[in-house]
Structure formats: C-alpha cells, structure tokens
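Take a look at the structure below.

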Amino acid sequence: MRSRGREIKVYRRSITTQSGTVSLLIREGLDKKFVMIYREESDLVESFKAEEEGELDGYRYRICPCNHENALALRRYFPYTRPSRLAKGSTIGMGDRIGVATPGHIRAAREFRIFPALAQQSIREMGRTGRSPEEVLDDVSWAVFQEGYRDGFAADADHLKTLEDIDRTFKAGFTMYTLDPSDYVDDLAGTYDLKTLREKFDGLPWKELGCDPRSCLNRYVGPRFRLRSSEGEVDITFSEEVLMRSAVKYSKAIAHILKMYNRLVELFDGKRFDLEISVDETASPTTPQEHFFIASELKRLGVRFDGLALRFVGAFEKAVDYRGDLKMFEETFKTHVIIAKSLGPYKLSIHSGSDKFSIYPIIGKWAKGMFHLKTAGTSYLEALRVVARHDPRLFREIIDYSMKCFERDKATYMISTKIESIPDHRMCRDEELEDVFLNRDEGRQLLHVTYGSILTARDSNGRWIFRDKIRKILLENEEEYYQLLQNHFRKHLTALGLKG
Ligand code: ZN
C-alpha cells in the first residue's frame, strides 16, 4: 500500500479475507478507515464507497471512510458486526457516550465470556450527547470489526418512553428495547386516602387493560400465591388496599407498555426481539407484591418480556458504590429472584449498575445466570482518566466547566454530592488530579452528571470546546484507554463471581 510517508496504524485483529478480498481497519491521524485489498472486483468491493483507490505490486486497494453508508455495507457483508438478540444467562450492558470505548468493552467481555449489549444508549443520553441511534450503532459495528469480535452482541435502545422513540431506534437496527413507562407510574399511590384510592382505581384504563375492577380484585385478592425456586419460597398475598395501591401505581404504565409492545411486534413482523421493562426510576423500592403484580399483568396481556428492571432498596447513585443496608438488600433481592424465576424466568436488570462493588457478590450469588448489569457513565469517567493523565490542563478546564453546570445537570439524578464538598483543583498538583477527581466520590459524581454539557459545549464560533479534544486524546492513547476499561470491567465481573 502507498503508505510511504504516511503514518498509518493497522488494527491487526480486524484483518479478514472474504471473496478473495482482504479487508481491514486502519487509522490515519485521527481517522479510522476501512481498507480492501484485492485483485478482482466483487460485489463486496463495489458496496463500499471509497475516498481513495490505487494499485500497488499487482494488487488493487480502496480506502473508505467509516461513515454511515459504509457501516451499512459492513453489516451486510460482515454479519458479526450486526447486533443480535441478547444471549440467555447473565449479560452485561456497556454503554459508550463518546464512541471510542467499545474495543475495551469487547476485551473485557471476551475475557469473561459474557455476552454484551455493546450499543446501549438511552434516548436521554442521545439527546445529551447529540448522537443519533445510527451513530451509536455504527461506532459499535466499526469497533467490532476492529477487534475481529465474532461472538455476538446486542444493541439496547434504552429507556424508550414513546412510540416515536421506538420507531427511531427500530429504523437504526436495534435488537433490544428497554421500555420506560415512568411517565405513567403514579408515585403517589402509596399516599392516597381510601376514598381517593378507590376513585383512582375505578378510573384506570380498564378497556386498554382488557379487564374490569371486579375481576382484577378477584384475581389477586384472596388467593395465596406460593412461589418456589431453588433459592427458597415466597408467599404473595394482597389485601384489597394493597392491590388497589399496586394497580393505581402501575396499571397506567402497564397499559402504555402494551401500546409500545404492540408497535414493536408490528415492526418486527414475526421476528423476535429482546424486551426489557424498566420501572427502576420510581420514588420508593418495588415491593414483592408490586413485582408480582407487574409481571403477572404483563403475562396476562401477552407481553413477552426478557428482563425487568426494578427499583431495589438502598441508593444506586451514579458513579459510586451502593449505599444502603446490605442485609436488607440481600433479603429483598433474593425474593425478587424467586419471583422472576417462578413467573419467567426472566432476567433481573440492574440499572445504574456500574461501581456497585459491595452488592456484586450478592447479585452474583442469587441471580447467577439471570442478571443483566447496565453500565454507561463509568466508561466516560475512564475516558476522563486518560485525559487527566495526558492533558491535566484540559482536565482542569473540564472540571471548571462542570462546576458551572453541576447544579443544573444534577437535577435529574439522585446523587448526594453537594457542590461545596467538591475539592478545588487549584489545590491539587497535576499528578493528584486523577486520584482526587476520579477515585473519590465527589469528583466522580461531579464529572458523571455533567457529561452532556461537556460533550456538547461549543464556543462562540460553534466549535466543540471539549468533544474533539477528548476524542483526540483517547485515540492517541487508545490502547491505554482500552486497557483501563478492561481492568475496570474485570473488577466488576470478578466481583459478580464470573471467571476470566
Ligand atoms: Zn434505568
């Protein structure tokens, strides 16, 4: 190849031969490019749009940009770069907000032979980072090709709230859908007096629910539901009041899930997809009765779901370890496992799942082979670790900017860090920045919640302030970034009881 005088990095694991054509990924400067070397033209060669072509030593070559059009061709000709359904057993979601982390995720998944959802992004994250569902998936497909990873991955369209969210992510090719009906959950259901409660109960959308107040009461109030699994047994009973509170809290949400589910079934036209239901963002923890009620109602309505994200006891604050009573967590978690096994089995999905080291052994013990752990922000923090090491000045600018956005950005998160408890970076030497801001809770939470502001900040000329600089540092030090990610996820997966 005409590489003389050009500095090119070849991704060796990407090299593959198909239809007499050698294909591989390279990086020139900061741009990754798809290269084909061949003697004869073929459908494969013709399917990619090249920006440069030529001949060398009797071989022809084409160099193609890693854009959306070529990503579509990549997924057509290299099926392993296409997302598929989530595997059975325990799985992990590895979200990436910058589009550079996936090779590190793949290396960790490979080491532990755990099936990953590599493209995992919520509509909220896409809004905050200014990325489209297509971009998220394309970045992952190129990374899968880069690593020559052939063991499969899912693409999780996370926290979808509307039919429009479904249409957008379906069009991009996502295989897993996490439905978030939280706009329809009545978080005040536990506080109504009995008269109000009864009115609300009678006023539920019974037609959509294919049911009426009387038969709903008859179904749940009275019988004792004895659930058994190898973990133990649980008895679920409902008083009329408890049933009404569960229904008032969740039935509108269940009706909304049904609507979204029907849209998916229609779009997939007989093909299967992965479905997760997330009710993890409620004010109070999901009780065993509520879990039982939600899962039973979904089953009654014919919604085939593969995973359920509950709100567990204790605090799942972003970027830091679990905060709460471990004994109580274990007891309630075990109960949820028994319910999930008896009514499904379906996976218990743990959202805000990164960095919760103190509960991983409990999750690994009771939900062995049936948990799905979702992580995202933690890979952004590992990216900032690379920045702190290689460009402390830029890292300080990121801190300053984050401090200005902190109060606004933290509003949608449950975090306990107060702005006055965040250290002053001017008191730190360059070598201390990483430890103070990326190993301690306050700094981690500051940097976690402001990712959207940082990744979309523009100067008065409309140029990115941080985004390109962060990407550049990550690409220039990509092996280091991948290694940091692999190490970080190794800690997670080991604590969950998986073997590398
Ligand atoms: Zn969630």
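How many cavities of 30 Å³ or more are there by this rule? The count comes to two. The rule works on a 1 Å grid over the protein atoms alone: a cavity is a set of points where a 1.4 Å probe fits but cannot get out, and lining residues have an atom within 4 Å of a point. Grid points are joined across faces, edges and corners, and a volume is the space filled by probe spheres set on the points.

Before going on, note that this is a predicted model: local features need pLDDT of at least 70, side-chain atom pairs count only at pLDDT 80 or more, and totals for chains, interfaces and linings use all residues. Residues are numbered from 1 along each chain as its sequence is written, and side-chain values use heavy atoms, with hydrogens and water left out.

The largest cavity has a volume of about 60 Å³. Its lining includes Leu 86, Met 176, Asp 306 and His 372. Strand β12 (residues 274-278) gives the largest share, three residues. Strands here are DSSP runs of E, at least two residues, and helices are runs of H or I, at least four, numbered from the N terminus. By class, this lining has three nonpolar, two polar and four charged residues. Ala, Val, Leu, Ile, Met, Phe, Trp, Tyr, Cys and Pro count as nonpolar, Asp, Glu, Lys and Arg as charged, and the others, Gly among them, as polar.

The second largest cavity has a volume of about 40 Å³. Among its lining residues are Asp 96, Thr 102, Gln 120 and Val 136. β7 and α5 each give two or more residues to this lining. Its classes are three nonpolar, four polar and three charged.

Now the open space. A pocket is an open set of points with protein on both sides within 12 Å along at least five of seven lines. The largest pocket has a volume of about 830 Å³. Of its 39 lining residues, Arg 124, Asp 280, Glu 281, Lys 318 and Ser 352 lie nearest its centre. Helix α4 supplies the largest share of the lining, three residues. The lining holds 11 nonpolar, 14 polar and 14 charged residues.

Asp 280 also belongs to the metal site. There, His 159 (NE2), Asp 280 (OD) and His 351 (ND1) coordinate the zinc ion at 2.0 to 2.3 Å. Donors are N, O and S atoms within 2.8 Å of the metal (3.2 Å for Na, K and Ca); water is not among the atoms, so sites may look incomplete. Along the chain, the donors follow the spacing H-x120-D-x70-H. His 159 sits in strand β8 and His 351 in the loop between β14 and α12, 192 residues apart. Both histidines, His 159 and His 351, are buried, meaning under 20% relative accessible area (1.4 Å probe, protein chains only).

Which residues of helix α3 (residues 102-112) are buried? They are Thr 102, Pro 103, Gly 104, His 105, Ile 106, Arg 107, Ala 108, Ala 109 and Phe 112. Nine of the 11 residues are buried, so α3 is largely enclosed by the rest of the structure. The buried residues pack against β1, β6, β7, α5, α13 and α19, with contact meaning heavy atoms within 4.5 Å. Arg 113 follows α3, and its phi is positive, near 50°.

Helix α2 (residues 68-77) buries Asn 70, Ala 71, Ala 73, Leu 74 and Arg 75. Their cover includes β3, α1, β5 and α5.

How values were computed:
Buried < 20%, exposed > 50% of the residue type's maximum accessible area, 1.4 Å probe, protein only.
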